[in-house]
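I opened this notebook to record what I looked up in the model, one topic per entry. The entries follow the order in which I consulted the coordinates.

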Amino acid sequence: MGVHDNGTQDAAAAVAAYLEQHEKKGLLRFITCGSVDDGKSTLIGRLLHDTKRLFDDQLAALESDSRRHGTQNGEIDFALLVDGLSAEREQGITIDVAYRFFSTEQRKFIVADCPGHEQYTRNMATGASTADVAVVLVDARKGLLTQTHRHSYIVSLLGIRHVLLAVNKMDLVDYDPGVFDAIVEGYRALAADLGIEHVQAVPLSALKGDNLIERSAAMPWYEGPSALEYLESVDVSRTDRDIGFRLPVQWVNRPHQDFRGFAGTVCAGEVRPGDAVVTLPSGRRSQVARIVTADGDLDRAVAGQAVTLTLDDELDISRGDVIASASQPAEVSDQFSAHVLWMGEQALLPGRPYWLKIGARQVSATVTEIKHKVDVNTRDELAAKHLALNEVGVCNLHLDQPVAFEAYADNRSLGGFILIDRISNATVAAGTLDFALRRAANIHWQHVDVDKTARAASKGQVARCVWFTGLSGSGKSTIANLVDKRLHALGHHAFVLDGDNVRHGLNKDLGFTDEDRVENIRRVAEVSRLMTDAGLIVLVSFISPFRAERRLARELFAEGEFIEVHVDTPLEVAEQRDVKGLYAKARAGKIPNFTGIDSPYEAPEAAELTLDTVAEDAEALAQRVIDRLLG
Ligand SMILES: Nc1ncnc2c1ncn2[C@@H]1O[C@H](COP(=O)(O)OS(=O)(=O)O)[C@@H](OP(=O)(O)O)[C@H]1O
Ligand SMILES: Nc1ncnc2c1ncn2[C@@H]1O[C@H](COP(=O)(O)OP(=O)(O)O)[C@@H](O)[C@H]1O
């Protein structure tokens, strides 16, 4: 600091006081739902512009006293904006949502502005997942539209409890209170139906500025707040059911031997040193020793605070675990009923594994069943075998590990999840956990005393799964049969599993749609695992066209036990061979979804063996497999 005269020091103190107050102002996150036609851009533009003007007016006095102030203020705004984004980034969501920041004397605001277009639903879901308030725009001339129903459904699904119903373009209906009342009545019925608790309706004209910032003289019959007054004053403190203290561990902080802290943001309840806690899912108990922050230790931390806890005991806790109050622990489960909003370009297929991210935990998950999909416009329940882009379904989920959770209605942090495609790493769904399915608790893996190694050893071999994949007619069965014969001649115990012997029995209910192929391969993978457990060498011969399911199969086996063999035959060659005449039929349009013709084949990227059936004959290729297996 330089040398100041008294006047400047006073100004500096005023600036500091102002900034402190500014820092402490509450933050409101809201989302706007509606289209450009409804006046959304005008509304946001005007809100930003007019509040900036207000804000600038207040600042003007201070700014004249201190140049520094303007830049500091800029920095604060920026940091906040970044803060707002990091929550979404943490969730792995990078979608087309613009976050804008503005501020008034009362509050700071972050508005998630979601561009329309066909991706609107998923953009909206992204913006809505952290919002406190949804501004639902309705054109006074048009009233409630299908999209109003759709947006409000997503608002309710994602747990937003406050809606500002902005009945826009009142100037175009002569500021008629009758028009406004009719729309409000209709919307209240919809909101009640959806369980949206708080609705404030405001008649406005974003274009003229009526009731946007200040109350308008054009509508003396309206006695409520302006849109901005509502946003500045609405109480969004959530009266969540008291579920007890919860801290999802984001990070284990171990700078040196003597310190082991668990960092994260308290997402429910409060905690004090000495409190008894339990770590989940392991269920180990301890007490809180210290609550550490950059500004010193605390004697209490509450929901929303980012802290580091140390415990009295040395427990093995890692990222993704949840520290919870011992007297009110969270439930732990690996099977759930959930709402899933699908955002993937490729459909959600039951049986396919995805990454599921909940809190700081990432596990593998499959949808075991789609109970029904929901028509988001009418909320009718419809039968579904898959979920397409922007569809919402009620599904059963199976996770490969148990996680600590809360129902989304009770806690957004521990009840909201996303699904990530394991190959592209794209976020393909947002979802909410509704409740745990109990049936998992009663099924335990039966322990058998004679293990796989012992069974295989008594057969003089090591158990293996050899997984042949390739187009129809590529040569899978031919080669697998030759391998089988040779193994048999050598005294080994092998077995061929192929489409013909499985699709006639176990899988006779399945056809060739994507979802049926996923289920086909899932079952075959499970059967081949049981067969290797029996000590056999299993030769699996299925087209198995999708990488995701071959990976699922691989993951059922121990390291080195699964040998993927790509029977690599160009489509032209397989088609020329046309052993069963199927390609000709497929080309003639008589067999729909034929692999290579109108259904995809995803070639392996890192198979243990690639067999070129053009360069070598079947006998030589079979020998290669034997060498890899026994060599
Ligand atoms: N639409 C369509 N697409 C591909 N294949 C078809 C189809 N319809 C019938 N067939 C016959 O079914 C055999 C493939 O079954 P798979 O169980 O191996 O297929 S998959 O792994 O589920 O994709 C396959 O046998 P192979 O030629 O031995 O591969 C075909 O003969
Ligand atoms: N190098 C090769 N390896 C395997 N099969 C071959 C080879 N060259 C020609 N073929 C012929 O290709 C056809 C493959 O059919 P098949 O084994 O039933 O394929 P898939 O089980 O993959 O559908 C057989 O008629 C086989 O004789």
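**Entry 1. The chain as a whole**

I began with the secondary structure and counted 16 helices and 27 strands in the chain. I note at the outset that this is a predicted model. I then looked up burial over the chain: of its 631 residues, 51% are buried. Among contacts between residues at least 6 apart in sequence, 73% join residues at least 24 apart.

**Entry 2. Nonpolar cores**

Which residues have the most contacts inside the largest nonpolar core? I found Phe30, Leu47, Leu165, Tyr187 and Leu231, in a core of 65 residues. Helix 6, residues 177-194, gives the largest share of this core, namely seven residues. I checked the domain assignment as well: domain 1 (16-233) and domain 3 (331-436) each contribute at least three residues to this core. Apart from this core I recorded another one, of 25 residues, with Ala384, Leu387, Leu419 and Ala429 among them.

I then followed Tyr187 in more detail. Leaving out residues up to four places away in sequence, Tyr187 touches Val136, Leu144, Thr148, Ser152, Val163, Leu165, Ile196 and Val199.

**Entry 3. Arg188 in helix 6**

I looked up Arg188, which lies in helix 6. Not counting residues up to four places away in sequence, Arg188 touches Val199 and Ala201. For the pair Arg188 and Val199, eleven residues apart along the chain, I noted a C-alpha separation of 7.3 Å.

**Entry 4. Ser216 in a loop**

I placed Ser216 in the loop that runs between strand 6 (198-203) and helix 7 (227-233). Why does Ser216 count as buried? Ser216 counts as buried because its relative accessible area is 11%, and the cut-off is under 20%. A polar atom of the Ser216 side chain lies 2.9 Å from the backbone nitrogen of Ala218. Setting aside neighbours within four places in sequence, I found Ser216 in contact with Asp210 and Asn211.

**Entry 5. The surroundings of ligand 1**

How many residues surround ligand 1? I counted 19, the closest being Ser472, Arg503, Arg517, Asn520 and Ser544. Helix 12 (residues 514-533) supplies the largest share of this shell, three residues.

I next listed polar contacts. Arg517 places a polar side-chain atom 2.8 Å from an oxygen atom of ligand 1. Ser544 has a backbone N or O atom 2.8 Å from an oxygen atom of ligand 1. For Pro592, a backbone N or O atom lies 3.3 Å from a nitrogen atom of the ligand. Taken alone, ligand 1 exposes 620 Å², and the protein buries 88% of that.

**Entry 6. The surroundings of ligand 2**

I repeated the search for ligand 2 and found 16 surrounding residues, with Gly473, Lys476, Ser477, Thr478 and Glu616 as the closest. Which helix gives the largest share of the shell around ligand 2? It is helix 10, with four residues. Helix 10 (476-489) and helix 16 (618-630) each supply at least two residues of this shell.

Among the polar contacts, I recorded a polar backbone atom of Gly473 at 2.6 Å from an oxygen atom of ligand 2. An N or O atom in the side chain of Ser474 is 3.2 Å from an oxygen atom of ligand 2. A polar backbone atom of Ala618 is 3.5 Å from a nitrogen atom of ligand 2. On its own ligand 2 has 570 Å² of accessible area, of which the protein covers 76%.

**Entry 7. Helix 13**

Last, I looked up helix 13, residues 547-555, and found Ala548, Glu549, Arg550, Leu552 and Ala553 buried there. What covers the buried residues of helix 13? The cover includes helix 12 together with strand 17 (353-358), strand 23 (464-469) and strand 26 (562-568).

Notes. Residues numbered from 1 in each chain as written. Chains lettered and ligands numbered in written order. Predicted model: local features only at pLDDT ≥ 70, side-chain atom pairs only at ≥ 80, totals over all residues. Heavy atoms only, no water. Core = buried A, V, L, I, M, F, W, Y, C linked by side-chain atoms within 4.5 Å. Buried < 20%, exposed > 50% of the residue type's maximum accessible area, 1.4 Å probe, protein only. Domains from an automatic or database assignment. Contact = heavy atoms within 4.5 Å. Near = heavy atom within 4 Å. Polar contact = N/O pair within 3.5 Å; in protein donor to acceptor, adjacent residues only side chain to side chain. Areas by Shrake-Rupley, 256 points an atom, 1.4 Å probe, with all protein chains shown as cover.
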